[in-house]
Amino acid sequence: MKALVFTAPGVVEPQEVPEPEVGPGEVLVHVVTSGICGSELHGVRTPGFRVPPLVMGHEFAGRTDDGRAVTVNPILSCGACDVCARGLRNVCRDRRIIGVHRPGAFAERVAVPAAAVVPVADGLGWTAAGVTEPAANAVHAWRLAGRPTGARVGVIGAGAIGLTCLQVALSGGAASVEIADRAPGRLEIAARLGASAAGPELTGEYDVVFDAVGAAATHEQSLARLRPGGAAVWLGLADHVAGFDAADLVRGEKRVLGSFAYDEADFADALTLVAGWDLSWVETFPLAEGAAVFTALMNGRATPVKALLTPEER
């Protein structure tokens with residue numbers, strides 16, 4: 001079958017690969033759409049977590065052999081440890097991720113555990129199904145922040161995660177959501193989606209700030225713009241350096257919350273929310289063009305904000 005394969009640092013290329021082996025308790029998903037994630041762009045530039053050769057792709061939807069429309073929760077936990085028992089399966093010490101630790105969905109077909117399959121409601125478009133996974137990250141972050149209805153919210157980064165944080169906050173009753181990014185086109189999209197302000201930096205004081213970038217500078221800004229007692233939720237993974245003023249954190253009794261992935265309830269909530277969102281900022285490309293699109297994004301092109309790859313006619 002056809003696939004897009006991470007073959008070496010900085011390189012993804014189309015290849016013919018063997019058909020997936022469907023093991024006990026697994027099902028075959030015929031991929032209709034699979035999203036390119038910023039973590040994959042970073043992972044190909046600086047391999048480590050992802051090891052080539054690898055078929056990536058953890059944000060996807062498709063059909064099972066019996067014709068059911070499904071999306072897939074790619075976080076596979078052990079289900080038996082103390083962390084899983086606490087309901088924190090997304091941070092299981094032994095978690096595995098489809099598209100990272102096993103072949104993913106930048107391909108025509110992918111084998112997945114049956115327990116990871118999530119049915120898609122009739123009438124939900126493939127674009128919405130394809131962005132459920134990034135939306136679930138935003139739902140999880142909003143929940144960690146306490147679902148603060150009436151809050152003044154800041155978002156740093158207007159990529160896919162930042163825009164879904166914006167949309168989740170608006171859906172959750174935030175009083176205002178302001179967003180920062182350096183790409184004018186992304187700021188225009190954020191304004192269209194309902195951001196009360198969109199510019200190169202956050203300029204107000206906020207109850208909650210979501211950092212969807214994760215650089216040292218954005219870590220610093222996320223805390224500097226918080227009111228005393230506020231919470232910064234960090235989703236981005238751009239940099240290992242913290243970069244913030246620890247004394248300000250203490251004196252302002254501010255909180256930093258790390259947010260990784262989602263649980264089953266977050267994923268289900270995201271699947272419901274995306275049905276009503278404006279997703280005109282998401283673009284779809286044939287899998288055959290995947291290497292070119294991926295490489296352009298990896299090298300700094302700001303558009304598309306979200307690229308979905310499809311190996312078949314829809």
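**Entry 1: Asp266 and its partner**

I started at Asp266, which is buried, with a relative accessible area of 1%. This is a predicted model, and I read it as such. I then looked for what the Asp266 side chain meets. Asp266 forms a salt bridge with Arg143, at 2.9 Å from N to O. I placed both residues: Arg143 sits in helix α4 (residues 132-144) and Asp266 in helix α9 (residues 264-273). The two are 123 residues apart in sequence, so the pair ties those parts together. Next I checked the accessibility of the arginine. Arg143 is partly exposed, at 27% relative accessible area. Asp266, at 1%, is under the 20% cut-off and therefore counts as buried.

**Entry 2: Arg102 and Glu26**

I moved on to another pair. Arg102 makes a salt bridge with Glu26, and their closest N and O atoms are 3.0 Å apart. I looked up the accessibility of each. Arg102 has a relative accessible area of 22% and is partly exposed. Glu26 is at 22% too, and counts as partly exposed.

**Entry 3: Lys254 and Asp248**

Is Lys254 buried or exposed? I found Lys254 buried, with a relative accessible area of 10%. Its side chain meets that of Asp248 in a salt bridge, 2.9 Å from N to O. Asp248 counts as partly exposed, at 26% relative accessibility.

**Entry 4: Network and total**

I looked for salt bridges with shared partners. Glu19, Glu108 and Arg109 are joined into one network in this way. How many salt bridges are there by this rule? I noted a count of 16.

**Entry 5: The cavity**

The largest cavity holds about 50 Å³ of space. Which residues line the largest cavity? I listed Asn73, Ile75, Ser77, Arg89, Asn90, Tyr262, Asp263 and Glu264. By class, this lining has 2 nonpolar, 3 polar and 3 charged residues.

How values were computed. Residues numbered from 1 in each chain as written. Predicted model: local features only at pLDDT ≥ 70, side-chain atom pairs only at ≥ 80, totals over all residues. Heavy atoms only, no water. 1 Å grid on protein atoms, 1.4 Å probe; cavity = no way out; pocket = protein on both sides within 12 Å on 5 of 7 lines; lining within 4 Å. Points joined across faces, edges and corners; volume = space filled by probe spheres on them. Nonpolar A, V, L, I, M, F, W, Y, C, P; charged D, E, K, R; others polar. Salt bridge = Lys/Arg side-chain N within 4 Å of Asp/Glu carboxyl O. Buried < 20%, exposed > 50% of the residue type's maximum accessible area, 1.4 Å probe, protein only. Helix = DSSP H or I, 4+ residues; strand = E, 2+ residues; numbered from the N terminus.
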